[in-house]
Amino acid sequence: MQQETARLIRYAAVGIGVLLVYLALNLIFLQLGLTAGTANVMAFVLAVCVQYLGQTAFAFGVPLNNKPQVVRFFVMIVLGWSASQIIVL
C-alpha cells in the first residue's frame, strides 16, 4: 500500500511538472514569434517527451526502451489528444 501511495505521488509530481514545462514552452515559443497553433503543437510534443521520460523512469521505474510501455503510452496520448480535439471542435 505504501509503495502504491509513493507511486501515485511520483505520478502526480510528474504530471504537474509536465504541465509547467508545457506552459513555459508555449510561452517561450509565442515570445519567439511563432503562431499560437505552432507554439502549441511544439510545446505539446516536447512536453509529451518529458512526460514519457518522467512517468516511465521516475513514476513507474520501467526501462525507457520497453516496447510495450512505449506503445501503451503513445496510444493513450493519441486517444487523449483525439478526445480533446473532438470536444473542442
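What follows is a walk through the fold, the surface and the pockets.

**Before you click**

Keep in mind that this is a predicted model, where local features need pLDDT of at least 70, side-chain atom pairs count only at pLDDT 80 or more, and totals for chains, interfaces and linings use all residues. Residues are numbered from 1 along each chain as its sequence is written, and side-chain values use heavy atoms, with hydrogens and water left out.

**Stop 1: the whole chain**

Start with the cartoon: there are 3 helices and 0 strands, running α-α-α along the sequence. Helices here are DSSP runs of H or I with at least four residues, strands are E runs of at least two, and both are numbered from the N terminus. Zoom out and the C-alpha atoms fill a box of roughly 45 × 25 × 25 Å along the principal axes. Colour by burial next: 19% of the 89 residues are buried (buried means under 20% relative accessible area, exposed over 50%, partly exposed in between, with a 1.4 Å probe and protein chains only).

**Stop 2**

Select E4 and R7. They form a salt bridge, with the closest N and O atoms 3.9 Å apart; the rule asks for a side-chain nitrogen of Lys or Arg within 4 Å of a carboxyl oxygen of Asp or Glu. By that rule the count comes to 1. The two residues sit 3 apart in helix α1, so about one helical turn separates them. Both ends are partly exposed: E4 has 45% relative accessibility and R7 has 27%.

**Stop 2: a nonpolar patch**

Now show I16, L19, L20 and L23 as a surface. Together they form a nonpolar patch with about 380 Å² of accessible area. Patches take residues with over 30% relative accessible area and no salt bridge, joining like charges within 9 Å and nonpolar side chains (Val, Leu, Ile, Met, Phe, Trp, Tyr) within 5 Å. The areas are Shrake-Rupley values with a 1.4 Å probe, and for residues only the protein chains shown count as cover. I16 lies in helix α1 and counts as exposed at 52%. L19 is in helix α1 too, but is partly exposed at 46%.

**Stop 3: the largest pocket**

Colour α1 (2-31), α2 (36-59) and α3 (67-88), which each give two or more residues to the lining. The largest share, 7 residues, comes from α2. By class the lining has 11 nonpolar, 4 polar and no charged residues.

**Stop 4: the second largest pocket**

Finish with Y11, Q51, Q55, F60, Q69, R72, F73, M76 and I77, the lining of the second largest pocket. About 210 Å³ of space lies there. Here the largest share, 5 residues, comes from α3.

Note on methods: Nonpolar A, V, L, I, M, F, W, Y, C, P; charged D, E, K, R; others polar. 1 Å grid on protein atoms, 1.4 Å probe; cavity = no way out; pocket = protein on both sides within 12 Å on 5 of 7 lines; lining within 4 Å. Points joined across faces, edges and corners; volume = space filled by probe spheres on them.
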